[in-house]
Amino acid sequence: MTSSSSALKAKYSSKSVLMATAALAGAATLLVPSTATYAAETSTSAAAANSAAEATSVVKVSYSAVLYQTTGTSSTPLTFAQWQQLGFPAPTTVGSIPGTVYFKYGTSPAVLAQAPGQPAHVLTWDQWVTAGMPAPQNKSNEGLIKLSWAPEIARMTNLQTGAGYPMSFQEWANNGFTAPAVQQRIIGDQFYQYAGSPDVWYAGPGVNRKITFAEWVGAGQPTPSVRGTVSATAASNAWGLIKPVNARVTSEFSTARMHPTLGYVRPHLGIDLGAACGVPVQATRGGVVSSSTYDSGGGYSVTINHGIVNGVPLYSSYLHLRQPGLAAGTQVATGTVIGYVGTTGSSTGCHLHFEIKPNNQAQNPRNFLAF
Ligand SMILES: [Zn+2]
């Protein structure tokens with residue numbers, strides 16, 4: 001038991017990462033005896049050990065190198081200089097330093113001892129017996145929790161409300177490396193996504209970050225809530241735009257080109273994306289559908305008003321849709337399906353004609369996002 005605990009400490013001491021190992025998952029079972037063990041066993045040697053200590057002025061406990069000078073019911077840690085001043089008296093090892101606080105958390109059966117001015121220490125059975133088996137304070141609403149699917153440990157300040165914070169390695173050390181309770185979820189924790197992105201994030205007392213698919217599965221695949229609508233997007237470009245369809249460009253933006261069906265030079269004020277008929281068309285960004293029309297040129301088409309983006313009123317248009325798209329006035333988020341690829345209007349085959357219009361004037365969509 002002791003060697004497992006030491007090995008665990010050594011393992012963590014050699015790492016700068018915050019407890020990033022699955023070894024902790026098993027820690028709860030190997031660090032300490034159970035409450036039942038503490039309660040069931042008794043000893044008669046503890047009282048004798050304590051009375052022997054009272055006559056001694058310089059003492060220490062077995063689990064710490066710190067020397068104390070005791071006077072009655074209080075004790076003071078000795079500095080080296082103070083010990084020198086006293087003539088280096090050999091310390092007597094005692095079961096308990098006066099003023100030591102004994103306690104246990106609601107998440108672990110371990111009894112911890114905290115001597116004045118010292119970090120807490122998880123007592124072994126023998127150390128607790130030698131200390132006279134003091135009844136520990138029950139900090140039943142506090143403790144340490146590790147999620148079964150993540151390496152971080154949360155120091156819980158209120159188990160009932162789920163309040164806590166990420167525990168540092170140092171604080172864990174100061175808690176005597178108390179084994180955390182291992183749980184799949186913590187009260188009040190949240191799984192969430194940003195609109196337009198498949199990534200799942202977790203927010204809880206010990207962890208607040210994007211999680212992996214394996215972690216999400218380990219957490220029981222909870223349904224994430226959605227945060228953000230208009231501005232939150234998977235797009236990495238400065239305009240926050242996504243491609244309306246995933247397809248290659250079949251015709252570029254141009255201010256002068258030979259129109260394929262009309263047979264004369266006419267500007268092509270958008271980019272053609274060669275998607276198959278029926279492929280869903282996604283809003284490049286959130287906004288409101290400002291028009292949803294049919295005419296012999298663009299066929300069924302939708303225009304979205306994205307509001308002011310980067311200081312500019314921004315619009316986008318989607319032409320040649322298979323059928324009427326979303327109605328004018330409809331609120332859309334980035335990625336909302338606003339219609340389906342078609343070949344209505346003046347078109348030679350299935351494709352999406354896509355326009356970006358800052359100040360309502362078409363510019364090359366390649367200037368706004370990568371295709
Ligand atoms: Zn076109």
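**Reading strands and cores in a predicted model**

A hairpin links β22 to β23 through three residues.

Me: What should I know about the model and its numbering?

Reply: This is a predicted model, in which local features need pLDDT of at least 70 and side-chain atom pairs count only at pLDDT 80 or more, while totals for chains, interfaces and linings use all residues. Residues are numbered from 1 along each chain as its sequence is written.

Me: How many helices and strands does the protein chain have?

Reply: Helices (H or I, at least four residues) and strands (E, at least two) are DSSP runs, numbered from the N terminus. The protein chain has eight helices and 27 strands.

Me: Which way do β22 and β23 run, and how many bridges join them?

Reply: Strands of a sheet pair through backbone hydrogen bonds, either parallel or antiparallel. Two strands count as paired if DSSP finds at least two bridges between them. Here β22 (residues 287–295) and β23 (residues 299–309) run antiparallel, joined by seven bridges; threonine 293 stands opposite serine 301 in β23. Seven bridges also join β23 to β24 (residues 312–321), again antiparallel, with asparagine 305 opposite tyrosine 315 in β24. The hairpin of β23 and β24 has two residues between the strands, and asparagine 310 takes a positive phi near 50° there.

Me: What is the strand order in the open sheet of four strands?

Reply: The order is β7-β6-β5-β8, with mixed pairing. β7 (121–122) and β8 (137–139) stand at the edges with a single partner strand each, so one side of each has no neighbour in the sheet. Within this sheet, three bridges join β5 (residues 101–105) to β6 (residues 112–114), which run antiparallel. Tyrosine 102 has alanine 113 in β6 as its bridge partner.

Me: Which residues touch the most other members of the largest nonpolar core?

Reply: A residue is buried if 20 or more other C-beta atoms lie within 10 Å of its own, exposed if 12 or fewer, and partly exposed in between, with C-beta atoms placed from the backbone. A nonpolar core is a set of buried Ala, Val, Leu, Ile, Met, Phe, Trp, Tyr and Cys residues joined through C-beta atoms within 7 Å. The largest such core has 29 residues, of which Ile97, Leu112, Ala113, Leu123, Leu144 and Ala154 touch the most other members. β10 (153–158) is one of the strands that each supply at least two residues of this core, and β10 gives the most, with three.

Me: Where does this core lie relative to domain 1 and domain 2?

Reply: Domain bounds come from an automatic or database domain assignment. Domain 1 (1–29 + 141–227) and domain 2 (31–140) both give residues to this core, so it lies between them.
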